[in-house]
Amino acid sequence: MSVRKKDLENHAPLNYEQGSSLITLRCHCGGLIFYTPQPHYKGGDVCVLDYVESIGLSIFEVDRLIEAAGVFGHKVYYGWENNSFKRIDNSRELNGYIQRTTGSIREIILYLEVSFHEILVHQFGYDPYEVDENEKSPSNGKDKTANDDHERGGNDNNEADSSSESFFSALDSDYNQSEEDDADFDGNIDKNAEWLGVEHYKELQTNSAKQGQVEADLVQPEDDDVAPDSESDFESVHGSDDENGSNKFVVFNPKHMDNPKLELKMYFSTIKECKLAITNYSVRQGRPCKFVKQDLVRLRAKCRNKGCNWQIYAKKLSGEGSVQIRTFEDIHNCGFTYENPLVNSGWVGRKYCEEFRSNPKVDMEHFRKTVMKENKCSFSKKQTYRARKKALDIIHGSESDQYSKLGAYMHEIQKSNPGSSIILKTVDGTPKGQQRFQRLYMCFHGVKQGFLGGCKPLIGVDGTFLKGTVGGILLIAVGLDANNSIFPVAYAAVEGENKESWTWFFKLLKEDLKIERDYEWTIMSDKQKGLIQACSNVFPNAAHRFCVKHLHNNFSTSGFKGEALRRALWAAAKATTPAEFGRKMEDMAAIDLDAAKWFDDKPPCQWSRAYFSTHSKCDVLLNNICECFNGKILDAREKPIIEMLEILRLYMMQRMQQNRDIARQKWKESLYFPRIIEIVQKRMDKATQCFPFKSNDDLYEVSNSYGDHYAVNIKEHTCSCRRWELTGIPCPHAIAALWLAKKDPMLYLSNWYTVETYLKCYEGAICPMNGEGNWEKTDVDGPKPPLYGKTAGRPKKQRRRTADEDQQEKEKKSKKMSRVGQVIRCKYCLQKGHNVRSCKLKKAENNASGSGIQSNEAANNARSDEVDSGDCNEANCTEVLVTCTPQIFDKNPNNKSAKRTKRPHAKSRVQDGSMHDATEFANSTGTNHLEDVPITSSVPASPNLYEVFGLKRSQVKYSQPLHSRKEQEKVQMPVKAKSVHMEVAAAATAATKRVAGSSRMKGKNKLL
């Protein structure tokens, strides 16, 4: 049981589980019942008691519950049946009244009348009816009165008499009572039956007779006894007047569930409550227990440690429904432990449920430390996250429960907001033929009327992912009101962004907004998946704009980065005339021709103002209206389906009312809004730099300080710059012409920006609806949760940032400028996109040289020195050659599969005619083509070189080592041409040096 706070007394009753025996008691106390002209209860206060066990509830227990709420005195209970008050005198009548009046809303209303006499006795300790046993005669009474007056200071004045008379005159007495009546009452009424109730008294009498202690277990209250008042609220249900108090019975108070105190013979409402109290008691003691026996009527628990004598046994009393502790050995032979299996995620989730209700995003590490500190036990990080999930399931309900209530929720929406569109699409999802959720569309009637009455013919659409356990996408449609503010129109929860879902959403939106002439409408989007095809199918003639911000992100992803290109793109997007747009694109082509060609397949009517339609009177380039709405519903996207829909409904309902109140209070006497006036003022400042020339009453020519000339038609509200037509607000050129014509520019604004139009937007309203406890049951069962598919890893909570956004965040934190966006070139292979460190060609050559050439570096250097000095013995001169094998180009740098061979001296090989220098061979044969010239080298050729020079592997041969640097300088690389050009040959030689690295090592042979 829990007493509801004063500020929560008027809230709706709680939603108990189906089949639960718990009820809510709403007691009206402190007032009086009147039967004329109609039965009614007047005055007093209300006391609400939640989680009251209805089975076996007695008048005595209701007295104790109400006294726990602070209402004392002798109470008489009344119920309300058949439009009249019915007195409830005993527990049987109370239980019958509860059964007759309990329905779907498990709330029982009782009306109390409290005796004024009992209040005086309890609060002031004064009983005006109290008469001493010795006062049997009038004389004794006078003496007693005199003695009392003397003890009180001898106050015999008339004030005391008058107060006494007024007190007794206030008593309601239909007949005079005598002492004989009191004597008959005391002699024939059993005080135990009066105090406990007849049925409860008989049951206790029968049970106590079997145990041989009838008199010891019963209360013997005096006439002026008042129910005990203690902090435990429910103590002494079966109290005793014995001095030792050995037979005292106590009823457990659920308010003390966090820190329970268990006693022998203590009463509980249910087995579940008893088990939870035992669990919490064991956790507090730091000694875990285990339940060895548990059923509907019995509960037995023992300490988990072997050899410990601690145990407890509780049993459900027959005929009462309450549970009593029958055995309790509260002595532990074991020590304290921090590893308590009772402190699991389920127990923690139930205990700290209210903390997660008030703050669902509580820090998990802080919460884990709080659990460990308060319960003196260990608690892991995984258990912490599971506890939060279970607590949120208790608060919001499981996903299956949420989707099963969709039928009743939709019925309540249609009932409270007639004319609203709420459409559910399901699919066959189970073998039993049960339907599974797929899509849900919602558009309120008040929103539809407001959009059609005062919003521009422009709709921004977007899709944002849902962060719940089920997943999915939320499609939204947002408009613009007369103040250029967002106006949410409709939304739908779907399986994903694809052609089918967008087409389904657009068809329903077109039907709700009654869009027939779609050529007057404009659709703004971020170019999502499937949206373009769906928009073309449903709105074939509507103008379709793309958000320039997202267009620039795609532009940067394609490799066109940098501030210059970004500025060029936005300049082209902001151009308002085709001629200006052409000039801006030429400026972009001057920076990067490929960047300008990137827009060839993108029509300018989708992203540039120069080709925008003028029907919408809006020139926005960004889809910020949707992004703004997404930012408002961040928390809603994490909730289950019904709670998410409720948050969206409440947000839209409150926003419409707030905007309506602001317009009526602040802008009631204004024609336009401050935001629109500010825009006009900025254009007036620019109009001072324009020079108008009048042609006739309607036509003007206006020039600016840059030498540009524009034609203005005041009657048609047009200007050759197209800004007036695009926005409906006069441009600087038009304002200059209006000034020359002695006319007020504010009178030439479009009607879309007036306060009257704004009030039409918010004239409708979203009507309130009942809570879940008052929803009507429907024959339609809710669908099963969807199977959208769960992605791997932790669910994403934040929006995916673009590369530019991430880079901007890094640059804000760092003091060093980044090189992101710059095109780098490798100095080794002269290719773009990487540097020398990451060059694959260099790594391949280093691997090849490391397998065999590096091992002979010392020998080659020594031999080269001999050749340079002229001490080389040609007869004994040999070289170490490495044959070209595929293994030397493997990624493994430790490859040692190269073969070493010895060959005769170079001069002897030349005499034998086995090999010739490349240049001599070309001169002697007269060939002019590289394919015919065998390239010779003492270093194995890389496979990349074949592709560079267009050679076949068979054309690469090995030549003799060159003895001097002068001979090396004479060798030139022949090129593929009719004649050998020295410049091209020198370039090829330089490239060969970079590839082979021969110019960096002394004595190494060159690749020719």
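**Aromatic pairs and buried loop residues in a predicted model**

UniProt, in an unreviewed entry, places the feature "domain: SWIM-type" at residues 710-742; positions from that record are given in the numbering used here, feature names are shortened, and annotations may be inferred rather than shown by experiment. The span 710-742 is 42% helix and 18% strand, and its end C-alpha atoms lie 19 Å apart. Helices (H or I, at least four residues) and strands (E, at least two) are DSSP runs, numbered from the N terminus.

The model is predicted: local features need pLDDT of at least 70, side-chain atom pairs count only at pLDDT 80 or more, and totals for chains, interfaces and linings use all residues. Residues are numbered from 1 along each chain as its sequence is written, and side-chain values use heavy atoms, with hydrogens and water left out.

Aromatic rings come next. A pair of aromatic rings is described by the distance of the centres and the angle of the planes. Here, rings of Phe, Tyr and Trp (its six-membered ring) pair if their centres lie within 6.5 Å; planes under 30 degrees apart count as stacked, over 60 as edge-to-face and the rest as tilted. A search of the whole structure finds 33 aromatic pairs. One of them joins Tyr352 and Phe367, which is edge-to-face because the ring centres are 5.4 Å apart and the planes stand at 90°. Tyr352 lies in the loop between helix H11 (345-351) and helix H12 (353-358), and Phe367 in helix H13 (residues 364-375), so the pair ties together parts that are 15 residues apart in sequence. Tyr352 counts as buried at 3% relative accessibility, and Phe367 is buried with a relative accessible area of 2%. Buried means under 20% relative accessible area, exposed over 50%, and partly exposed in between (1.4 Å probe, protein chains only).

The rings of Phe629 and Tyr651 have their centres 6.1 Å apart and their planes at 50°, so this pair is tilted. The pair links distant parts of the chain, 22 residues apart: Phe629 is in helix H24 (residues 624-632) and Tyr651 in helix H25 (residues 641-665). Phe629 is buried, at 1% relative accessible area, whereas Tyr651 is partly exposed, at 21%. Elsewhere, one aromatic cluster is formed by Phe451, Phe487, Trp521, Trp667, Phe673, Tyr758 and Tyr762.

Rings also face charges. The charged end of Lys602 sits over the ring of Trp598, 3.8 Å from its centre, and Lys275 lies over the face of Phe291, at 5.2 Å from the ring centre. A charge sits over a ring if NZ of Lys or CZ of Arg is within 6 Å of the ring centre and within 35 degrees of the ring normal.

Ser525, in strand E19 (residues 522-525), is buried with a relative accessible area of 0%. Its side chain and that of His544 are joined by a polar contact of 2.9 Å (a pair of N or O atoms within 3.5 Å; within protein, one must be able to donate a hydrogen and the other to accept it, and residues adjacent in sequence count only if both atoms are side-chain atoms). Leaving aside residues up to four places away in sequence, Ser525 touches Val461, Leu531, His544, Arg545, Phe546, Cys547 and Asn623, where contact means heavy atoms within 4.5 Å.

Two loop residues remain. Asn417 lies between helix H16 (406-416) and strand E14 (421-428) and is buried, at 4% relative accessibility. Beyond four places in sequence, Asn417 touches Phe444, Ala765, Ile766 and Cys767. Pro785, in the loop between helix H29 (755-761) and helix H30 (803-813), is buried at 15%. Pro785 and Glu399 are 386 residues apart in sequence, yet 6.6 Å apart in space, C-alpha to C-alpha.
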